[in-house]
Amino acid sequence: MTDLPKSTGKKLGLVIDLDICVGCHACAVNCKEWNTSGHMAPLTDLLPYGEEPSGVWFNRIHSFEVVDENSGDSRTVHFPKSCLHCDDAPCVTVCPTGASYKREEDGIVLVNADTCIGCKLCSWACPYGAREYDEDAGVMKKCTLCVDKIYNENLPPESRVPACVSTCPVAARHFGDLGDPNSDVSRLVEARGGYALMPEQDCAPVNRYLPPRPRKNGSDDEMIRAPRMLEYKDTSDDGAGLLARWVDRILSS
Amino acid sequence: MIGNPFETVKEDADLTPDVADEVKTTTCYMCACRCGIRVYLKDGTVRYIEGNPDHPVNKGVLCAKGSAGIMNHYSPARLTKPLLRVGERGSGEFKEIEWDEALGLATEWLGEVRARDPRKLAFFTGRDQSQSLTGWWAAQFGTPNFAAHGGFCSVNMAAAGLYTIGGAFWEFGEPDWDLTKYFMLFGVAEDHDSNPIKMGLGRMRTRGGTKFVSINPCQTGYSAIADEWVGIRPGTDGLFVFALIHELLRAEKVDFGYLARYTNAGWLVIDNPGGADDGLFARDDNGQPLAYDLTTNGVVPANSLSIAPALAGERTLPDGRKARPSFEILAKRYLAKDYAPDTVADAIGIKAETIRRIAAELAEVAFSEEVVIDTPWTDWLGRKHDKFVGRPISMHGMRGISAHSNGFHTCRAIHLLQVLLGSVDVPGGWRYKAPFPKPIPPGPKPAGKTVQPNTPLNGMPIGNPTGPEDLIVDGDGNPLRIDKAYSWEHPIAAHGLMHMVIHNAWAADPYPVDVLMMYMANMGWNSAMNVPGTIRYLTDRDEDGGYKIPKIIYSDAFYSEMVPFADLILPDTTYLERWDCISLLDRPISSAHGPADAIRQPVSEPDRDVRAFQEVLIDLGARLRLPGMTNADGGPKYPGGYPDYIVNHERMPGIGPLAGWRGNGEQFGTGTPNPDQLARYIENGCFWQDHFPDDAQYMKPFNPAYLAYAKRMGWIPNEEPIVYQLYSETLQKFRLAARGHGGVQPPAEHRERIETYFDPLPIWYMPFEEAAVDTNTYPLHAITQRPMHMYHSWGSQNAWLRQITSHNRLFINSATAKNLGIADDDWVWVISHAGRVKGQARLMEGTNKHTVWTWNAIGKRKGSWGLDKDAPEMKRGFLLNHIISELLPEREGGYRYSNSDPVTGQAAWYDLRVRIEKCLPHEIGETEPAYPEVASPPGVAAHPAPEILRFGEMIKGEPTGRAPATHLEWIGNRHEYALSIDGMPDGHGNRTEENAGGKDDTKETRA
């Protein structure tokens, strides 16, 4: 019921590297601390010291253990997820009041707290589960891509970036204009084979994920950088031959 | 406000709000990493904390803990005023008192002890970052009974490194992240050190062409991004390393040149079984070690310029004694079949072919993928080198290795592997962080053998023994310290044994104490071994009805589980309300590139009647008239308190807590106190750093360019080279004492133990608990890991962090669990020889089949930490601490040794053996053991935790009306990507080199 812009000047978004994400939650918590006093303030917490603490988080880390059926090898995968600022955002078109909208200037999807009626249609419409309902305020909240930070000249340049990006200790998060094929982030996505999450949902998400690189774990011959075994210089199994060999040899040259 | 429903109301989002009245820099304390932070203050409230982009530790990043600092700062668990116990110990019943009364009482208690017998004060600090102050205070007081928490943290790691290579992992060294090609991470390391490891791993993997191997029974934490996970059985890492060494030696894939030049491999070891000199180095009249030179065929000083030392073969010394190079003894040991991959594979749970392949990979990277830096340098013998040659293999280990009773030797084994590969302090290897390397072992020695009333010790209570004569024992060889550190039970207890203090004080073994003073150590809960026992020791009474530990003073910022057990509480500030110095005299934050230190400045005024513990110590020092804290006229030497001390204290002439801006402000390292020093630090973002010259960056132990710098800074006593001690003569000296040689010998009952564990070369032995209990009854290992978003017990009071983890599960290998009939979320008993604890199971493939594990320090006691009594931390969180004994099972004669490493006294947390039993239906639902809820002190009770937290609502910034700036592109690891992606500008984040040099060196993208 709410229109999307026909096109946006830029497509600002995040690029998230699943190869190096260690699941430390730095992005999620730094996001929370910025945004709880930010555009959608507060990011309310219910029973924060109680039996079932819960709160509004724009960014959450999902961790899975993945087991390879053939080898039996397991891996832990950490998957940070926040709003993907879709081009065809169903959370916007479903909104009955126009509160959920996509900015024409840069493609950021925001919620206008003044006109949101808390009907939750947008959260039903979002296939990524990226919306966060603030029960206390009765308003739907979500990632703003730190819209009050990235353009804010009251901040030093290195702080004018989404909180989740500058804080990431492994530097697994990147930010820029994904609508510009020559932008740094677009180059990065191209080089790393970045992909869109669940494209079959036809939401045209802007954010991209970079896939894990192959692991050099010895299971694949091509990935091995050394012979499987060293060449022994002596066949004695207690080293006697080697020790005898070394007695008069200058080994240090 | 809903307008015409047929018309979209457009929001005019404010893009440039005023977000802060002021931004102040300081140093984080949400863990031990000590990152630089920028704190945004708005309307008197802390609005936002971000990493300081200019800071040498974190370069702008900040972890989850640091980002949640606001919630610690405003925690409802904060103490508000000094407290005096009024109820029974442990009840939590206190009355509030004024600081004057509190300090008066402390002065009275402490003054009486000092006048009678200073040893009767046991002063132990926990996660203390000011040990150079607290240790000095103890020395001034005159008690040897001081240590921080290192004895239950990672002293094995520290001592093994310091006694082998003059440095160690974490604070003493780091991988050369930008050049390393092969990184081996041993055990859990998610907490130490936090951000630099994450940053390094991210850069390493992004750069490419590297391999990261994680050796850990659990595939947690950083293992998620490792190339290869080696799911080893706990406590067997030493065997794994020996098998790698075995393979490398058999293939002669060790750096013989490096060994000959920079280690004691060629030093001759006297072969005289039964003699007092057996196993010591042959030395000339000047005490210089001797080697056999193959070019001149004679015995010469080992440091001769043109020597080609023999590394094997028995030689005859000029005086006729027989000797052989230490390398021969070393090689012979590890070439034995005992350490062949096929021999150890079953014990460690790793296939022999995997061990052989990893050895082959190490050899390949070390010797075929050298990293060369074309910087000429000169070594200590004047030999000129036109480049630094690096064997780009790096390693790191912490608690996973340390927290076993065989950890000292295992850690030494890892250093041995590093040195055999020639990968210490070379490009791409593992590098020292200033002020390391230090002489091996480093000075000074521990003080405290003699104690006099009202008299300072003649040195610092913590130090590094070089032989039996340095032990703190009486004439009969009995311990003189309350924790039995530096006794024959734990001779190289370089960080003390905090985990034994409460037990020993209760048992009056070796003697009782009158006052126990502790700081920031949750000894009533998750920092204790044997929580049920510790609670008993803290509350037990003697025949007269008095407590066996008569007086307990404790300082903490929060209502932790330890608080109810103290008699007098001195409430500390939060980290944002205090001064501190992160000193090179203490626990440095330097990098391999150069030294650094830092301060904390108060960015927020306390809204409570609390004082920083360091302020209190200096005040108490003056009240007690401790010489270092009192002027000749009896007045306080540091009337300005802690900042006054930070600036004006001199440990040696010209050397104080902070290295930067000394003297006239232009000097660093040494210089007279500078009254403007703190202002200069603040001006610079609260840190100081320097960069070593290019020719001093590597090979520091043998590099005069570095050694001269270090000498000038006061880090080392002279410019002598620091030769790696693969074979440890120091350990052999203790062993000789056990064989009946020398003036200081162990009592008979300890001789076999010293003989066994003071082997001069690394050994492996079964962890003590595993060896002592029936492994059929206790078939599993049980260990803990640290989640990256929690540190110590402080995480659970944090409204944000506890939403990530509020209770812990017992992780069990899926196959193991299925055999036991255990499914996800089942309640299980974890049973050790010492007790049982109940928790919920979680099945996991990535766990060693013989191992269960859980997150550390999540479980809480009801009533503590400002949490609801029904919080998941209380009902479903559990601690393994409940079932870890602080004592080993009885041995012959009834004596029970501490559950610790026999060399260093390191607490053997990870030796725990258990069995798992499914709970009966009526047992499920809540963890056990359960303890009664403690009462809240008045100040904590007066500020109940909110049910709804709307933090930020009131400090949301107002519009400034400024025009929005253009967005800036941010590429993480930009420098690494610039090397491989066409057109990617080099730089960092949104700073690019294209625009460097301008006022604003940030690249603005097209509008």
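Predicted model: local features only at pLDDT ≥ 70, side-chain atom pairs only at ≥ 80, totals over all residues.
In what order do the three strands of the open sheet in chain A run, and with what pairing? The order is 10-1-11, and the pairing is mixed.

Strand 1 of chain A, residues 12–17, runs antiparallel to strand 10 of chain A, and five bridges join the two.

Next, the contact between the chains. Chain A puts in 103 residues and chain B 123 residues. Which element of chain A gives the largest share of its side? That is helix 1, residues 26–35, with seven residues. By class, the chain A side has 44 nonpolar, 32 polar and 27 charged residues. There is also strand pairing from one chain to the other: strand 2 of chain A, residues 45–46, pairs with strand 35 of chain B, residues 948–949, in the antiparallel sense over two bridges. In that pairing, A:Asp45 stands opposite B:Leu949.

Now chain B by domains. Domain 1 is made of three segments, 83–140, 443–536 and 545–572, while domain 2 covers 169–435 and domain 3 covers 775–932. The C-alpha centres of domains 2 and 3 of chain B lie 34 Å apart. Their contact takes 21 residues from domain 2 and 24 residues from domain 3 of chain B. On the domain 2 side these are eight nonpolar, 10 polar and three charged.

Why is helix 21 of chain B described as largely enclosed? Nine of its 10 residues are buried, so the rest of the structure largely encloses it. The buried set includes B:Glu729, B:Lys733 and B:Arg735, along with B:Leu731, B:Phe734 and B:Leu736. Those buried residues pack against helix 22 of chain B. Helix 21, residues 729–738, and helix 22, residues 748–757, of chain B meet at about 145°, with axes 8 Å apart, and the crossing is left-handed. From helix 21 of chain B the contact uses B:Phe734, B:Arg735, B:Ala737 and B:Ala738; from helix 22 of chain B it uses B:Arg751, B:Ile754 and B:Glu755. That gives four nonpolar, no polar and three charged residues. After helix 21 of chain B comes B:Gly740, with a positive phi near 95°.

Among the buried residues are B:Phe613, B:Glu615, B:Asp619 and B:Gly621. What covers the buried residues of helix 17 of chain B? The cover includes helix 3 (99–116), helix 4 (131–141) and helix 18 (641–648), together with strand 23 (515–519), strand 24 (551–556) and strand 25 (568–571), in chain B. Helix 17 of chain B is followed by B:Arg625, again with a positive phi, here near 60°.

Conventions: Residues numbered from 1 in each chain as written. Chains lettered and ligands numbered in written order. Contact = placed C-beta atoms within 7 Å. Helix = DSSP H or I, 4+ residues; strand = E, 2+ residues; numbered from the N terminus. Nonpolar A, V, L, I, M, F, W, Y, C, P; charged D, E, K, R; others polar. Pairing = 2+ DSSP bridges. Domains from an automatic or database assignment. Axes fitted to C-alpha atoms, helices over the stretch in contact; angles between N-to-C directions. Left-handed = near helix turned anticlockwise from the far one by under 90°. Buried ≥ 20, exposed ≤ 12 C-beta atoms within 10 Å, placed from the backbone.
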